[in-house]
Each structure stands twice: as C-alpha cells, then as structure tokens.
Amino acid sequence: MKAINSVYVAWQAPDTRYWHVVGNLQERKSGYVFKYTKGALTSQKFTKFSGMSDVHETYVSEDLFPLFKNRLLSPKRPEYPRFIEWLGLNNENAKPIEILARSGGLRSTDQLQIFKRIEIDSDGSFEHYFFLHGLSHLNSMANERVSKLEPGEHLRLCLDVQNPHDSQAIVVRADKPAEIVGYCPRYFATDIKKMLIEDPMSAQLLVERISDDAPHNYRLLCKLKGTLSKSLTSKLELQSEFEAIE
C-alpha cells in the first residue's frame with residue numbers, strides 16, 4: 001500500500017487550536033506536485049499559501065516550492081550535522097522530503113507542521129517514525145524520566161478519551177517507574193486509536209532515539225511498528241480531510 005513519496009501539511013486554526021490537514025506535497029522524478037486537501041475547506045480562518053491561491057489547482061515545479069524549501073535547514077549551517085542526527089537520518093536518506101517529514105518543517109512564524117501518513121505494506125506490516133509532542137509541558141520528574149529512557153525501550157500507548165481538548169488524544173507513558181512522557185501527534189491519533197480498540201497488540205511504540213541536547217520537539221524520537229489484519233487495514237481508510245480537492 002505504499003504510495004508515491006509524499007507528505008501532508010497540517011495547519012492549526014487560531015480560534016479553535018484544532019489541526020486541519022490542508023495540503024499534500026508529492027515528490028516525483030520530474031520534480032514536485034502540490035494540491036490542497038479538503039481540510040483546507042473546513043475553517044474560514046485558513047489563508048491560502050503564497051503563489052497558490054486556487055484550492056482547485058494542481059501546482060507543479062521542478063524545484064521544491066518556497067513554502068517547503070524555506071523550512072529546510074541549510075547544509076552549510078554548522079549545526080546541520082547535529083540536526084540530521086537528532087532526526088535519526090544520515091547523509092544517504094536525508095533527502096528534503098524526508099527531512100520535512102521527520103522535522104515537521106517547524107517555523108516560529110506560523111502554525112504549520114509537515115508529516116507523513118502511516119503507510120501499511122501489503123502484508124499488513126508498518127513502521128513509522130515520529131517525535132512525541134508535549135514534552136515542553138512536562139514537569140521536572142517527567143523530563144528526568146525521558147532522559148533515562150533507552151533506545152529500544154517499549155512505551156505504552158493509552159487512550160485519553162476524557163481529554164477536554166481532544167477526545168482522540170493518545171497519551172504515551174513509560175514503565176518502571178510509570179510516567180507520562182508525551183503525546184502522539186494529533187494527525188496520527190485517529191488511526192492509532194482504531195488500532196488500539198480493534199487489537200491492542202497490533203501496534204507497539206519503541207524509543208528510537210533520545211537527544212537531550214535537542215529542543216523539546218526533537219528530543220524523543222519514537223518508532224511505531226506492528227502488523228494489522230486485513231479487516232483492520234480496511235478500516236484505516238483515508239479521512240476526508242486528506243483527500244485532494246478536485
């Protein structure tokens with residue numbers, strides 16, 4: 001089920017603070033293609049990107065669009081090697097679209113994040129990497145617990161259905177001692193929740209890398225892996241906000 005190498009753009013509405021999937025960037029042999037998705041139509045607060053004023057248009061470019069290029073750290077910067085290390089990448093796989101997917105393409109000047117969807121292979125297996133969210137809001141004890149995590153250590157995925165801000169939230173905790181260490185990114189939560197409800201053993205979350213010298217958003221890199229039944233795979237249908245606007 002793996003598709004063309006692509007990432008999605010999530011935008012946070014300033015009034016509700018809810019995240020909407022508003023666009024899709026695909027990498028092709030001839031360059032890049034960008035299309036708005038139906039999530040861009042769900043909030044009147046959303047402003048179309050510069051140079052991309054028509055939500056029905058398909059935008060094609062040989063080079064990476066400025067919207068995305070400006071979110072990449074220049075390889076000439078002295079901190080670039082360390083940054084790539086935080087992302088768990090190397091010189092061979094540190095391609096622009098992979099860097100955007102791992103890093104989120106974060107900038108302090110807007111409310112956009114870039115990510116890849118969880119891709120399921122034909123045999124139902126999957127493996128996906130992401131940074132935990134919410135570490136900057138953890139107390140000192142929780143931050144100390146994060147620092148003591150080891151690569152390969154299992155973390156617990158827990159439904160947080162009574163969360164007053166997001167009933168789809170997935171909280172992540174460590175064991176021995178038990179401590180909340182963050183949250184799954186919102187744009188993965190719906191799929192992970194379906195996995196946990198249908199088959200709690202279908203997905204595992206492991207520590208991939210701890211970078212105590214990194215900013216909070218790049219500190220705890222995790223690997224989500226597992227195998228889904230055919231019936232469960234069929235339930236992970238593309239949500240409408242991910243669909244391209246025709």
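R156 stands opposite R173 in strand β8, where strands are DSSP runs (E, at least two residues) numbered from the N terminus, as are helices (H or I, at least four). This is a predicted model, in which local features need pLDDT of at least 70, side-chain atom pairs count only at pLDDT 80 or more, and totals for chains, interfaces and linings use all residues. Residues are numbered from 1 along each chain as its sequence is written, and side-chain values use heavy atoms, with hydrogens and water left out.

**The sheet**
- An open sheet is formed by six strands in the order β6-β11-β10-β7-β8-β9, with antiparallel pairing; two strands pair if DSSP finds at least two bridges between them.
- At its edges lie β6 (125–131) and β9 (179–183), each of which pairs on one side only.

**Around β8**
- Strand β7 (residues 154–159) runs antiparallel to β8 and is joined to it by four bridges.
- Four bridges also join β8 to β9, again antiparallel, and A174 has E179 in β9 as its bridge partner.
- The hairpin of β8 and β9 has four residues between the strands, and K176 takes a positive phi near 50° there.
- Because four of its five residues are buried, β8 is largely enclosed by the rest of the structure; buried means under 20% relative accessible area, exposed over 50%, and partly exposed in between (1.4 Å probe, protein chains only).

**Around β6**
- Seven bridges connect β6 with the antiparallel strand β11 (residues 220–227).
- E127 has K225 in β11 as its bridge partner.
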